[in-house]
Amino acid sequence: NVGDRFGDSSTHPHVHSEESLRSIVNRLSRIEGHIRGVKTMVQESRPCPEVLVQIAAVRGALDRVARMILDAHLSECITR
């Protein structure tokens, strides 16, 4: 069940559209890869400013996916 993935414990199912869920999961997968890249940069002793720029990019990406989740929640859950 798609709704189970977001862990809602109420009596009403917490369901997001397949398209919304797929988009969020794809973004998270890209962020996961980006974080692995940052880890590699640290292991390779890349300059700190370069690492910090990439960390800032990851934070921005996380903020954007959080916004996507909030938007989906407001449009798909609250309105229902």
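Residues are numbered from 1 along each chain as its sequence is written, and side-chain values use heavy atoms, leaving out hydrogens and water. Because the model is predicted, local features need pLDDT of at least 70 and side-chain atom pairs pLDDT 80 or more, while totals for chains, interfaces and linings use all residues.

User: How many helices and strands are in the protein?
Analyst: Helices (H or I, at least four residues) and strands (E, at least two) are DSSP runs, numbered from the N terminus. The count is 2 helices and 0 strands.

User: What distance does helix H1 reach from its first C-alpha to its last?
Analyst: H1 covers residues 18-43, which is 26 residues.

User: Which residues of H1 are buried?
Analyst: Buried means under 20% relative accessible area, exposed over 50%, and partly exposed in between (1.4 Å probe, protein chains only). Across the protein's 80 residues, 24% count as buried. In H1 they are Ser-20, Leu-21, Ile-24, Ile-31, Val-38 and Met-41.

User: Why does Glu-50 count as partly exposed?
Analyst: Glu-50 sits in helix H2 (residues 48-78). Glu-50 counts as partly exposed because its relative accessibility is 34%.

User: How many Å apart in space are Glu-50 and Val-38, C-alpha to C-alpha?
Analyst: Val-38 is one of the buried residues of H1. Glu-50 is 12 residues from Val-38 in sequence. Their C-alpha separation in space is 9.3 Å.

Key: The expected span of a helix is 1.5 Å times one less than its number of residues.
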